[in-house]
Structure formats: C-alpha cells, structure tokens
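User: I am new to this structure and would like to understand the terms used for it. Please set each value against its definition before you draw a conclusion.

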2 protein chains.
Amino acid sequence: MATEHSQDSQPLYLEDLAPGQRFTSGTCLVDDAAIKAFAAQFDPQPFHLDPQVARDTLFQGLVASGWHTAALTMRLLVTGGLKLAGGLIGTGATISWPEPTRPGDVLRVETELVEVKPSRSRADRGTATFRCTTLNQRDEVVQTFTGTLLVWRRPRP
Amino acid sequence: MATEHSQDSQPLYLEDLAPGQRFTSGTCLVDDAAIKAFAAQFDPQPFHLDPQVARDTLFQGLVASGWHTAALTMRLLVTGGLKLAGGLIGTGATISWPEPTRPGDVLRVETELVEVKPSRSRADRGTATFRCTTLNQRDEVVQTFTGTLLVWRRPRP
C-alpha cells in the first residue's frame, strides 16, 4: 500500500482512520554527542557514554540508550510522522530494540495503522493501535513499537 | 516478600536471581523545568510544554511525556534500583502509563523479578524478566514496565 499521509497533511480524527494506512516521518541524525548527553542524564552506562569502554562490551562500540531511540522516535512522530488531532496520547505499548542506534545513524519512522476502535462509553473518542518501525539509513530496524493511542472524533459543526 | 536488595548491594549474576526477588530504587524529583526541557527536545506537544494550554486538555495541567517517565525510570534503575553485572541491557518490553507524571512528583521504582531463563545455546548468559513499577509520592502508579534483560553468568574463577 502506498504512503497515504506525509508530514504536510492535516491532523486526523477517528473518522479519517482505517487499518492499513501508512505514515512516514522525516529523518533525524543521531550523533556521538547526543548519545552521550542523553545517557549522562538518563542511562549512565559505559556502553552509552564511553566509546573506548564500549568497544569491549556486547555492543562493540558506542550505542544509544534504547530510551533515547524511543524518545527520538516520539520526536519524529510528533513533528510530522503521525498527525492526530489533539496530539499523540498513548496509554500503553510494546517495544523492542532489535539493533542498537549508533553514532551517525539517520533514523526515520514508518507507521502502519493496525486497528481502530470507537469508544463504547464515550461518544467523543476512540483508540487506535499503530505499529511504528524505526529504521536507520541502512534500513535496519532499531526499534519496533506497537502503541495504542487516544483518538478524538471530529467535532460536529 | 521483603526487600532483598538495596542500592548498596553487589551487582548480580544469573546465579543470584530467583523469581519473587524485589528491588527498590532511590527517588527522583521531577520539576516543571525538567518536564518542559525533555518535551522541547523529544515530545513537543502543548500539554508537555505550556501549563496554561495544558489546563484545557485531557490532562488539566502540565504533564511529563511518557518517554520522560520511562527515561527517569531507567535512571533510577541504573543508579541503584537494579544492579546487574555488565549493566542493564534490554531487548524488549511492555509499558503503560496509568497516570501522568506531574511537576513536583517524586518518583521511585519498585521491581520484582518474574522469570529467569538460562540461555539454551550460550553458556555465559541468560535472560530475566522484571516487572518495574514507577510510583509517585502518593503511591500512584505512573508507569508499569515489564522488560526482558540480558543477564550474565558469574565467570568461573
């Protein structure tokens, strides 16, 4: 299925959504300094902080915290990768990191809409489940994220 | 079951782990400025950036990005909440945010070991599944996170 929505499209309401729709984000370069800065604040482990020490770990080099990859994925979604009216409000998700993000990687997020559910009890909203795949410039998957988001119905005029 | 491990304990190997073990992190204050700074970088949505605008949203006030809560949870785990030999290396997880983190919240993480699995193919390692619950000062759950981590066996002398 072709990409139906780009960064320039209008924010979407529940009525606009159907399983199978795809969305593509912009891109984001991850450099050495950003990896270390995030790690210093949130995930201070040697393989995220020190390229020399990281060489002798499982990763064989500096890698980004998985939470850094997750946060960058969110930025790519919020800044155009998935435009929902009222914003992106998630209640829960499954996440995995098949490959680490490394310095110099350029990430993008490809999203597919899996399921749409109108709320049974509240007429103004529903939920939608999206499968967001974060890839690097070599098309390696650095994160899969399947999340359920709140989606608003279009207000009546 | 009583808390068996505190921030001062030795890093743990696979042999040290058994389902039911519990671990408690230190605490971490989340202020207004930190919420906005994280959001500006990774989740630039009005309810994470502007208290005035946030008042008229679902959240009725400024709230932290769920990814900020996740990143702070990781910091609490890495800085003493869960000391595994070789560090905390996760492959995947499920995550949910039952309540948002708000300015002034003091977070802590309570972790329970759910399952331990020696690797079938690699003699030096295994995996362990941990259920990490992030709570605020009112004991409200702001995040649940069940993650599978790589765990090393103790090297033979």
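User: What joins strand β1 (residues 22-29) of chain A to strand β3 (residues 106-118) of chain A, and in which sense do they run?

Analyst: This is a predicted model, in which local features need pLDDT of at least 70 and side-chain atom pairs count only at pLDDT 80 or more, while totals for chains, interfaces and linings use all residues. Residues are numbered from 1 along each chain as its sequence is written, chains are lettered from A and ligands numbered from 1 in the order in which they are written, and side-chain values use heavy atoms, leaving out hydrogens and water. Two strands pair if DSSP finds at least two bridges between them; β1(A) and β3(A) are joined by six bridges and run antiparallel, so they count as paired. Within this pairing, Thr24(A) stands opposite Glu110(A).

User: How do you know that β3(A) also pairs with strand β4 (residues 125-135) of chain A?

Analyst: The same rule of bridges applies, and β3(A) and β4(A) pair in the antiparallel sense over 10 bridges. Glu110(A) has Thr133(A) as its bridge partner in β4(A), and β3(A) and β4(A) form a hairpin with six residues between them.

User: What makes up chain A as a whole, counted in helices and strands?

Analyst: Helices (H or I, at least four residues) and strands (E, at least two) are DSSP runs, numbered from the N terminus. By that rule chain A has four helices and five strands, which follow the pattern β-α-α-α-α-β-β-β-β along the sequence. The C-alpha trace of chain A spans about 60 × 30 × 20 Å along its principal axes.

User: Which residues does Glu112(A) touch, apart from those up to four places away in sequence?

Analyst: Contact means heavy atoms within 4.5 Å, and by this rule Glu112(A), which lies in strand β3 of chain A, touches Gly20(A), Gln21(A), Arg22(A), Thr129(A), Phe130(A) and Arg131(A). The side chains of Glu112(A) and Arg22(A) are joined by a polar contact of 3.3 Å; the term requires a pair of N or O atoms within 3.5 Å, where within protein one must be able to donate a hydrogen and the other to accept it, and residues adjacent in sequence count only if both atoms are side-chain atoms.

User: Why is Gln45(B) called buried?

Analyst: Buried means under 20% relative accessible area, exposed over 50%, and partly exposed in between (1.4 Å probe, protein chains only). Gln45(B) has 5% relative accessibility, so the residue counts as buried. Gln45(B) is found in the loop between α1 (32-42) and α2 (46-49) of chain B, and a polar atom of its side chain lies 2.7 Å from the backbone nitrogen of Leu88(A). Beyond residues up to four places away in sequence, Gln45(B) touches Met74(A), Val78(A), Gly87(A) and Leu88(A).

User: Why is helix α4 (residues 66-81) of chain B described as largely enclosed?

Analyst: Of its 16 residues, 14 are buried, so α4(B) is largely enclosed by the rest of the structure.

User: What makes the pair of Trp67(B) and Trp97(B) edge-to-face?

Analyst: Their centres are 5.1 Å apart and their planes stand at 80 degrees, which gives an edge-to-face pair. Trp67(B) counts as buried at 6% relative accessibility, and Trp97(B) also counts as buried, at 14%.

User: Which residues have the most contacts inside the largest nonpolar core?

Analyst: A nonpolar core is a set of buried Ala, Val, Leu, Ile, Met, Phe, Trp, Tyr and Cys residues joined through side-chain atoms within 4.5 Å. The largest has 70 residues, and those with the most contacts inside it are Trp67(A), Leu84(A), Phe130(A), Trp67(B), Leu84(B) and Phe130(B).

Key: Rings of Phe, Tyr and Trp (its six-membered ring) pair if their centres lie within 6.5 Å; planes under 30 degrees apart count as stacked, over 60 as edge-to-face and the rest as tilted.
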